[in-house]
Amino acid sequence: MSSTIASAELLTRAKAIHENIRAWRRTIHRYPELTFTEQRTASLVNATLVDLGIETETEVAKTGVVGHIRGGDGPVVGLRADMDALPILEINGTEFDSTRPGIMHACGHDAHTAMLLGAATLLKKLADEGRLPGSVRLLFQPSEEAQDDEGKSGGMRMVEEGALQGLDAVFGLHVDSHHDVGYVATRPGPMMAAADKFELVITGSGGHAARPQSTIDPIALSAHVINAVHQVVSRRLDPTEHGVITIATIHGGTVDNVIPDTVTMTGTIRSFTPEARDVLHSELRRAVSIVEPLGGRAALTIFPGYPPTVNDPTATAHMMATLRDLLGEDHVAEGEMLMGAEDFSYMAQAAPGCFLRLGVHNPAWPEYYPVHRADFRLDEDALPIGAAALALTALRWMENKR
Ligand SMILES: [Zn+2]
Ligand SMILES: [Zn+2]
């Protein structure tokens, strides 16, 4: 095996393919595709990998693509990008705006896909030079933003279909508008929350609003439920854990002189550990049952969402050390825990993983333009940095294990 490549040289190589990465990103941005319909994006990915001489598998997890870069007989490292867009009407007015009204890459997954293609270019070249001591599995997953009718997201399906089997580690990144270009952040342990939804139907028995004594008023019962639910986090969850339960909608009644039969509420449950998640679920069930001694009934349905994204301490220490070398000591921060959710969480359960937040904010901009907004934007100077970050993290992992 030949000698390794210096970080600075890898970054120079990444900057040399900046135009390609930007072109991929802009093409994908023009033709955004929603959850599990990413056929056009998947064929761009597949064609690009095949052109690079990389072996591929298509239709993984419905519309995903897996690429295999084979180097030495060292460990296999997974690198992940998500490919789906959001149902948002873009208002940016750039020459590469979405051509599909109502669909937009407003979460930066176009950039994730393009950066992973960039990393693939860099890693394939290293493999051809005899400088890749292991193998890389490129995981281009569909549908990070949503689950299908069976409650499954793209990352979950990739894991179920065995795409992560045998991986020594897995790494991924997400654009972050709250960090400037050239800066990255991550943290060991829980990084992003588990996000579950719930629906609650409180049933009493309705009647004339002036004769409450002959009804079981579900609106009055709702007042008890709201109080009890709001005490779950403060009184039932270990104070050293993090969690939130929010009742986000409440609907009941039609007119001022009628007590309705039912009230319906929906909301979200967020947590960072399986223990806290279990407590929040079971205590929520208990809290809503407060209506029973009062003559009402509570039907609670919890729809499980993504588990918490938990970074492996070893993989995280490795990625942070690698990126300090690549970007400079003070450009790599220990990030905070975020209450949002990510389906990279399934991959980080399948192999030791680390998820990185990549700064994409241009310091000259007047504000942040964060993800999930119709005016979301990113500074494309971040693209070669993200590609180099992924490639170098995989390469150094193999070298350290050799
Ligand atoms: Zn998103
Ligand atoms: Zn996203």
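Because the model is predicted, local features need pLDDT of at least 70 and side-chain atom pairs count only at pLDDT 80 or more, while totals for chains, interfaces and linings use all residues. Residues are numbered from 1 along each chain as its sequence is written, and chains are lettered from A and ligands numbered from 1 in the order in which they are written.

Begin by selecting residues 18–30, helix α2, together with residues 109–128, helix α4; helices (H or I, at least four residues) and strands (E, at least two) are DSSP runs, numbered from the N terminus. Their axes come within 8 Å and cross at roughly 145°, where axes are lines fitted to C-alpha atoms, for helices over the stretch in contact, and angles run from 0 to 180 degrees between N-to-C directions.

Next, select the 8 strands of the open sheet, which follow the order β1-β2-β4-β3-β5-β16-β6-β15 with mixed pairing; two strands pair if DSSP finds at least two bridges between them. At the edges stand β1 (55–60) and β15 (332–334), each with a single partner strand, so one side of each has no neighbour in the sheet. From one strand to the next, the twist averages 25°.

Now pick out β6 (residues 184–186) and β16 (residues 353–361), which pair in the antiparallel sense over 2 bridges, and look for Ala185, which stands opposite Arg357 in β16.

Finally, return to α4, which packs on the sheet and touches β2 (64–70), β3 (76–82), β4 (135–141) and β5 (169–180), contact meaning that C-beta atoms, placed from the backbone, lie within 7 Å. The direction of α4 makes about 150° with that of β3.

Conventions: Contact = placed C-beta atoms within 7 Å.
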